[in-house]
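Please brief me on this structure.

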2 protein chains.
Amino acid sequence: MTTTLQDCRALDAQDPLAPLRAHFTLPPGVIYLDGNSLGVLPKATAARVADVVAREWGADLIQSWNTASWFDLPQRLGDQLAPLIGARPGEVMCTDTTSINLFKVLSAALNIARADSPARRRVVSERSNFPTDLYIAEGLCQERGLDLLLVEPGEIAASLTPDVAVLMLTHVNYRTGAMHDMAALTAAAQARGILCIWDLCHSAGAVPVDLHGANADFAVGCGYKYLNGGPGAPAFVWVHPRHADRPDAKFLQPLSGWWGHAAPFAFTPGYQPAPGITRYLCGTQPIISLSALQCGLDVFTAAEALGGMAALRTKSLALTDLFIALVEERCAGHGLGLATPRDHAQRGSQVCLTRAEYAYAIVQALIARRVVGDFRKGDGAYPDILRFGFTPLYLGFEDVWNAVEHLRQVLDSGEWQRPEFNQRNAVT
Amino acid sequence: MTTTLQDCRALDAQDPLAPLRAHFTLPPGVIYLDGNSLGVLPKATAARVADVVAREWGADLIQSWNTASWFDLPQRLGDQLAPLIGARPGEVMCTDTTSINLFKVLSAALNIARADSPARRRVVSERSNFPTDLYIAEGLCQERGLDLLLVEPGEIAASLTPDVAVLMLTHVNYRTGAMHDMAALTAAAQARGILCIWDLCHSAGAVPVDLHGANADFAVGCGYKYLNGGPGAPAFVWVHPRHADRPDAKFLQPLSGWWGHAAPFAFTPGYQPAPGITRYLCGTQPIISLSALQCGLDVFTAAEALGGMAALRTKSLALTDLFIALVEERCAGHGLGLATPRDHAQRGSQVCLTRAEYAYAIVQALIARRVVGDFRKGDGAYPDILRFGFTPLYLGFEDVWNAVEHLRQVLDSGEWQRPEFNQRNAVT
């Protein structure tokens, strides 16, 4: 009943999504299990970026604001991204960073919630939420004299008390790969008059997301992980139209820059927000990096013909199921634990292993063998994590076999004990 | 006494900065007088961007956070920019957008000023300041229940009353090219206990700026105008060390993202700001666009050997003096006015002309002749503007002659009356 390398090759041969790998440039010999940190380079990106630099900027200069539609780029990319997250055209902007976009939507959510119910003085989030989300929330709460309550996943439902204004969660946890039930938690919160913000950094392009189906209020996410937009690619922001089109508050989102103005080229001294999601733009965007993001989104557009996010999800679960099974079969006795839920409904597109000691060194030994995952340090409450992301756009089943085989060899040989794998860098 | 084409050619032949033009890719036949809107493409940029895409991202992937020092890029570029604005190493970050950075420093300035003096409830700025600065200030003032007072340049001194917390000005006006006396206004404000924020969008790389010499408090600016960083290039932020290193306020600047954390890779749930200017970082930056900005800054580093900003300023004033003189000699009788001060001490690196009617059409007719300036619409209080930026890095004196000759021909022939030059686009 054990899976063999031949079985994995057979799975690859049958994989309807296998042709998508040809859209990417993967370094030779690398098994890249870190697409949840930085996605790989689409083959189209280099030529697209070169064209933006040489033609749109170099030759056409300011005319490109019109002729290359630079001004509309955040919305055009947002429209292309929208189907991946269950949003509609005209509802998403690709702009700024996740942190900045979270500041916008948390500000807006607090402004809306507290205008209706000033007694709501609390934001609830998860203690293991991605830290930058918590830093932004901590700052906004302190500035407004509000309370930020951080809880464990099992405590969320009980924390939705009448004094809560906003529930702010990341859909798929960056440390564990655990996925929340967006629709159920949104419904539970809204039944108590609480607005919901979803961070989709580890969801967009990784798992099917249906923001309208879940009736979410706000969402933000990242362009450089599963969307393969390039290092530090601009992020995205979505606001449900029932909030985005509220005419009542001029500074509902407080980063009121000129790109969010109703008439940005009138150069009037007074701010007048543009309709809908456009008011969530602020300053002039980095056109070269935005253009690179488009190439990442183009691969998802190409994937539509092969079954789109539903097919990608099926393959993602098959890859992570296989990885878990092979690790448990072939690396038994080495003290590895599983931090990621086995239940498909609770799993994102990554598998996180735990180990009481030397998790960092094991990850480094794997990287030396060109099996690239990453390490996330624990603290008193959480264990150290060996983190492996599985991107069905460019990973196959044989890759999973080979990754586990390298892990087995690293553990069996004890090569992770070498001194060079035990020296921490500043950035990992 | 009139200047001839031969005189202009002689000036070019003697110009010690003439070799800098070889650092840029200029479209053939174009006289580009719009470097104050979007700078031109440095020759090094295409190869640099291609290398970031193919090698740093494509081949090295997440390792490049270490091996290509992506994480330090905002500070390394800031250090390279610092001498252009009279700042010191470690004081400047290239990051986010001008609007976002202004939100950070205006928030911080208000937090500092009002902690000491809660009765200071006013921000003063110029009514013809760049609109996005005013939009950000309007939003922050409304949120905090403060007052934004907009005045004309001649009214600034009288507006510095005891209830003012912050004076927020753009050093060189985008509409007129008029330059404030930064040191004098800063001293006048500080003598009244008022903090000063300077927007250097039309100054950095255009005129010598000495932030420490002027004892300024905060500054922001743009990477895509005179710094030639590419469309929407990341902006910059500077804070005087006396404010940047204040240990007392955790959220002095409220965009408290992970790149501004004291230990960004510890992934702790609580925010702890990094020392100094580093806390003015927020989210992950667009590495490709940031890398392009570096090529723009490299040209200024190369210009150091030829006299640096002082030599660039001398040439800039000679170019703008020549343009004014030639327009007045050769385009007389066509109703053109001069919006830019004749006094060198009050002039940036652009010349703005006014005309009661058809300013837009004249600019379009010039663009059709490949003389690229731009048009800025007036309102009741300000006239329409024909705007011409002069970038001494790549413009010569013969370019000025030819630009004026085209303007003369457009006016003498009346070709600006053609219908195609009178249809306004959405974006200009």
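Two strands count as paired if DSSP finds at least two bridges between them. In strand 15 of chain B, Arg387(B) is the bridge partner of Asp374(B). The model is predicted.

- Chain A gives 74 residues to the contact, and chain B gives 73.
- On the side of chain A that touches chain B, helix 2 (45-59), helix 3 (64-67), helix 5, helix 6 (131-144) and helix 10 (287-303) of chain A each supply at least two residues.
- By class, that side of chain A holds 42 nonpolar, 25 polar and 7 charged residues.

**The seven-stranded sheet of chain A**

- This open sheet has 7 strands in the order 4-10-9-8-7-5-6, with mixed pairing.
- Strand 4 (92-94) and strand 6 (147-151) of chain A are its edge strands, and each pairs on one side only.
- On average, neighbouring strands of this sheet are turned by 15° against each other, direction ignored.
- Strand 5 (residues 122-126) and strand 7 (residues 164-170) of chain A run parallel and are joined by 3 bridges.
- Opposite Val124(A) stands Leu167(A), in strand 7 of chain A.
- Helix 5 (residues 98-116) of chain A lies across strand 7, strand 8 (195-199), strand 9 (218-221) and strand 10 (236-239) of chain A. Helix 5 of chain A runs at about 155° to strand 7 of chain A.
- Helix 7 (residues 182-191) of chain A also packs on the sheet, where it touches strand 7 and strand 8 of chain A. The direction of helix 7 of chain A makes about 155° with that of strand 8 of chain A.

**The four-stranded sheet of chain B**

- The open sheet of 4 strands in chain B has the order 11-12-15-14 and antiparallel pairing.
- Its edge strands are strand 11 (337-338) and strand 14 (374-376) of chain B, each of which pairs on one side only.
- Strand 14 and strand 15 (residues 385-389) of chain B share 3 bridges in the antiparallel sense.
- Helix 12 (residues 308-330) of chain B lies across strand 11, strand 12 (350-354) and strand 15 of chain B. Helix 12 of chain B runs at about 25° to strand 12 of chain B.

**Strand 15 of chain A**

- Strand 15 (residues 385-389) of chain A is mostly covered, with 5 of its 5 residues buried.
- In a regular strand, side chains alternate between the two faces of the sheet.
- Both faces of strand 15 of chain A are covered. Ile385(A), Arg387(A) and Gly389(A) are buried on one side, and Leu386(A) and Phe388(A) on the other.
- Strand 12 (residues 350-354) of chain A pairs with strand 15 of chain A in the antiparallel sense over 5 bridges. Leu353(A) stands opposite Leu386(A).
- Strand 14 (residues 374-376) of chain A pairs with strand 15 of chain A in the antiparallel sense over 3 bridges. Here Asp374(A) stands opposite Arg387(A).

**Helix 8 of chain B**

- Met182(B), Leu185(B), Thr186(B) and Ala189(B) are buried in helix 8 (residues 182-191) of chain B.
- Seen down the helix axis, the buried residues of helix 8 of chain B fall within an arc of 100°, so they line one face of the helix.
- An α-helix has 3.6 residues a turn, so residues three or four places apart point the same way.
- The face of helix 8 of chain B turned away from its buried side carries the exposed residues Ala184(B) and Ala191(B).
- The cover over the buried residues of helix 8 of chain B includes helix 7 (156-159), strand 7 (164-170), strand 8 (195-199) and helix 9 (211-214) of chain B.
- Gly193(B) follows helix 8 of chain B and has a positive phi, near 75°.

**Ala292(B)**

- Ala292(B) belongs to helix 11 (residues 287-303) of chain B.
- Ala292(B) is buried, because 34 other C-beta atoms lie within 10 Å, and the cut-off for buried is 20 or more.
- Not counting residues up to four places away in sequence, Ala292(B) touches Ile288(A), Thr45(B), Arg48(B), Val49(B), Gly229(B), Gly230(B) and Ala233(B).
- Ala292(B) and Pro153(B) are 139 residues apart in sequence and 36 Å apart in space, C-alpha to C-alpha.

Definitions and conventions:
Residues numbered from 1 in each chain as written. Chains lettered and ligands numbered in written order. Predicted model: local features only at pLDDT ≥ 70, side-chain atom pairs only at ≥ 80, totals over all residues. Buried ≥ 20, exposed ≤ 12 C-beta atoms within 10 Å, placed from the backbone. Arc of directions from axis to C-beta. Contact = placed C-beta atoms within 7 Å. Axes fitted to C-alpha atoms, helices over the stretch in contact; angles between N-to-C directions. Nonpolar A, V, L, I, M, F, W, Y, C, P; charged D, E, K, R; others polar.
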